[in-house]
Amino acid sequence: SNNLGQVAFKLPVGKYKITANPAWDDTTGMAAADLEFCMTIDGPTDCRGQLLDQTIHIALASPNLIGTVWLDAVDGSPARKAWGSVESYNTMFRYWQFEKGLMTNDDGEFRVRLDPAPTPYRLNIEPPWSLTGYSRAKLFVLVEEGGVCIVADAEATSCDGEFDEDGLDIV
C-alpha cells in the first residue's frame, strides 16, 4: 500500500478475501482483519448480491485472542518470533482448515481476531526456527460472543461463562 494505506488493482469476476496485517514493528496492539467479497460484472458485492461501494474499506481489528508463548515454564523465557496457525474444523468434510497465521513478537506475545464459532479453533504454535529441542504446542480455544476460553479438545461446545480475560499463557 502507499503511505495512506491505499492500494488499487483490477480483479476478474470471482470470490476474494483481503487481509490487512499490522506492520512487523506495530506497537498499537491491533490484529489482522479479513474482508470477503465477490467481484461481479457490476462491481464488488457482499457475495449475497448486495453491491458494495467501488472503494472497499478494511481496517485493522481489535484482537479477541491475546496470548504469550513461553519456551520454558521454569525460567520464563518468551518464545520470540514463534510462528503459529489458527485452524477451524470443517465438519462437512472432516478436516482442519487454515484460518490465520500468527507470529509472536520479542516478548512472545501474539494477537488475533477470531469470529465466534460453534466449534473450537485449533492453535498450533511452532518453536522459533533458531531453537532446537522444543516441540509444537497445540491447544483448542472456543470463541463465543462473550469472550474466548481454552477448552480440552475439539469436542467442546461451551465456555460455560468462564472466559480467559487476561490472555493465554502457552508453554
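Colleague: In which sense do strand β5 and β8 pair, and over how many bridges?

Modeller: Please note that this is a predicted model. Strand β5, residues 83-90, pairs with β8 in the antiparallel sense, over 6 bridges. Within this pairing, Val-86 has Leu-123 of β8 as its bridge partner. β8 is also joined to β9 by 5 bridges, and these two strands run antiparallel. There, Ile-125 is bridged to Ala-137 of β9.

Colleague: Which residues have the most contacts inside the largest nonpolar core?

Modeller: That core has 19 residues, and those with the most contacts inside it include Leu-123, Ile-125 and Ile-170. Among the elements that give two or more residues to this core are β4, β7 and β8. The largest share, 4 residues, comes from β9. Apart from this core lies another, of 6 residues, including Cys-149 and Cys-159.

Colleague: What does Ile-125 touch beyond four places away in sequence?

Modeller: Its contacts include Val-69, Trp-83, Leu-102 and Ile-170.

Colleague: Which residues make the nonpolar surface patch?

Modeller: Trp-83, Phe-98 and Met-103 make this patch of about 300 Å². Phe-98 lies in strand β6, residues 95-103. Phe-98 is exposed, because its relative accessible area is 52% and the cut-off for exposed is over 50%.

Conventions
Residues are numbered from 1 along each chain as its sequence is written. This is a predicted model: local features need pLDDT of at least 70, side-chain atom pairs count only at pLDDT 80 or more; totals for chains, interfaces and linings use all residues. Side-chain values use heavy atoms; hydrogens and water are left out. Patches are made of residues with over 30% relative accessible area and no salt bridge: like charges are joined within 9 Å, nonpolar side chains (Val, Leu, Ile, Met, Phe, Trp, Tyr) within 5 Å. Accessible areas come from the Shrake-Rupley method with a 1.4 Å probe; for residues, only the protein chains shown count as cover. A salt bridge is a side-chain nitrogen of Lys or Arg within 4 Å of a carboxyl oxygen of Asp or Glu. Buried means under 20% relative accessible area, exposed over 50%, partly exposed in between (1.4 Å probe, protein chains only). A nonpolar core is a set of buried Ala, Val, Leu, Ile, Met, Phe, Trp, Tyr and Cys residues joined through side-chain atoms within 4.5 Å. Contact means heavy atoms within 4.5 Å. Two strands pair if DSSP finds at least two bridges between them.
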